[in-house]
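Here are my notes for your first read of this model. Keep the structure open and check each point against it.

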Amino acid sequence: MDPGEGDFEAFVAARGPRLLRVAWLLTGDAHLAEDLLQSALAKVWPKWPRIAGDRPEAYVRTVLVHLHASWWRRRWRGELPYGEVPDAAGTADPYAHVDLEQSLAAAVRALPVRQRAVVVLRYFEDLSVEDTAATLGCSPGTVKSQSARALRALRAALPASVAGGERRG
């Protein structure tokens with residue numbers, strides 16, 4: 001066994017679930033998230049001895065974001081037909097929180113790739129503006145402007161009760 005292999009396995013065991021969550025938030029699909037994380041870890045493995053001591057989670061997160069962006073650029077985004085139109089939801093829906101979570105997830109997935117990455121890193125991963133900028137390889141001002149645009153788009157896409165009360169015109 002390679003000397004760094006045990007460290008890598010321990011890192012994946014400890015940080016894998018959190019990194020998988022980041023991948024899922026970026027892709028919106030559990031299977032794609034697993035593929036994305038696996039691909040990112042495969043890219044990181046040969047460099048592990050060099051990056052192991054210097055914030056490896058941030059490095060893997062950066063690889064995740066960049067790899068997802070490259071996948072997104074190649075993906076076909078055409079029309080997706082559905083067999084049946086879903087029924088309208090009732091007024092007293094006991095699963096309203098699930099609908100809310102689905103709406104939020106769909107609204108985040110509808111954001112452009114860069115804005116989605118900023119939202120995931122800033123608000124789901126709770127990174128600072130500077131850490132987000134370092135992960136994305138951009139300036140803090142870019143993170144702030146992309147964040148503002150993303151939040152504006154999310155407010156427009158979500159119901160007023162979720163987006164923060166009354167909407168401003």
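1. Start with Ala133. Leaving aside residues up to four places away in sequence, Ala133 touches Cys138, Ser139, Pro140 and Val143. Ala133 sits in helix H7. Is Ala133 buried or exposed? Its relative accessibility is 4%, so Ala133 counts as buried. The cut-off for buried is under 20% relative accessible area. Keep in mind that this is a predicted model.

2. Now look from Ala133 back to Leu121. The two are twelve residues apart along the chain. Their C-alpha atoms are separated by 9.6 Å.

3. H7 covers residues 129–136, and H8 covers residues 140–157. Their axes come within 8 Å and cross at roughly 100°. That makes H7 roughly perpendicular to H8, because angles of 65 to 115 degrees count that way.

4. Which residues make the H7 and H8 contact? From H7 come Val129, Thr132 and Ala133. From H8 come Pro140, Val143 and Lys144. Sorted by type, the residues of this contact are four nonpolar, one polar and one charged.

5. Stay in helix H7 for Thr135. Thr135 counts as buried because its relative accessibility is 4%. Which residues does Thr135 touch, not counting those up to four places away in sequence? They are Arg61, Thr62, His66, Leu121 and Leu127. Note Arg61 in that list. Arg61 returns below, in a salt bridge with Glu125.

6. Helix H8 also holds Thr142. At 27% relative accessibility, Thr142 counts as partly exposed. Compare Thr142 with Val118. They are 24 residues apart in sequence. In space, they are 9.5 Å apart, C-alpha to C-alpha.

7. Val118 brings us to H6, where Val118 is one of the buried residues. H6 spans residues 113–124, twelve residues in total. From first C-alpha to last, H6 reaches 15 Å. That is close to the 16 Å expected at 1.5 Å a residue.

8. How many of the twelve residues of H6 are buried? Nine are, and H6 is mostly covered. Val113, Ala117, Val118, Val119, Val120 and Leu121 are among them. Gln115, Arg116 and Arg122 are also on the buried list. Just after H6, check the backbone at Asp126. Asp126 takes a positive phi of about 60°.

9. Now the charged pairs. Side chains of opposite charge can pair when their charged atoms come close. How many salt bridges does a search of the whole structure find? The count is six.

10. One of them joins the side chains of Arg18 and Glu57, at 3.5 Å, N to O. Arg18 lies in helix H1 (residues 3–27) and Glu57 in helix H4 (residues 56–74), so the pair ties together parts that are 39 residues apart in sequence. Arg18 counts as partly exposed, with 32% relative accessibility. Glu57 is buried, with a relative accessible area of 15%.

11. Glu125 deserves a careful look. Its side chain meets that of Arg21 in a salt bridge of 2.9 Å, N to O. This pair links distant parts of the chain. Glu125 is in the loop between H6 and H7, Arg21 is in helix H1, and they are 104 residues apart. Glu125 counts as buried because its relative accessibility is 3%. Arg21 is partly exposed, with a relative accessible area of 39%.

12. Glu125 also meets Arg61 in a salt bridge, at 3.2 Å, N to O. Arg61 lies in helix H4 and Glu125 in the loop between H6 and H7, so this pair ties together parts 64 residues apart in sequence. Both Glu125 and Arg61 are buried. Salt bridges that share partners join Arg15, Arg18, Arg21, Glu57, Arg61 and Glu125 into one network.

13. Finish with the whole chain. The chain has nine helices and zero strands. Of its 169 residues, 34% count as buried. Among contacts with a separation of 6 or more, 62% come from residues 24 or more positions apart.

Methods:
Residues are numbered from 1 along each chain as its sequence is written. This is a predicted model: local features need pLDDT of at least 70, side-chain atom pairs count only at pLDDT 80 or more; totals for chains, interfaces and linings use all residues. Side-chain values use heavy atoms; hydrogens and water are left out. Axes are lines fitted to C-alpha atoms, for helices over the stretch in contact, and angles run from 0 to 180 degrees between N-to-C directions. Helices (H or I, at least four residues) and strands (E, at least two) are DSSP runs, numbered from the N terminus. Angles under 35 degrees count as roughly parallel, over 145 as roughly antiparallel, 65 to 115 as roughly perpendicular and the rest as oblique. Contact means heavy atoms within 4.5 Å. Ala, Val, Leu, Ile, Met, Phe, Trp, Tyr, Cys and Pro count as nonpolar, Asp, Glu, Lys and Arg as charged, and the others, Gly among them, as polar. Buried means under 20% relative accessible area, exposed over 50%, partly exposed in between (1.4 Å probe, protein chains only). The expected span of a helix is 1.5 Å times one less than its number of residues. A salt bridge is a side-chain nitrogen of Lys or Arg within 4 Å of a carboxyl oxygen of Asp or Glu.
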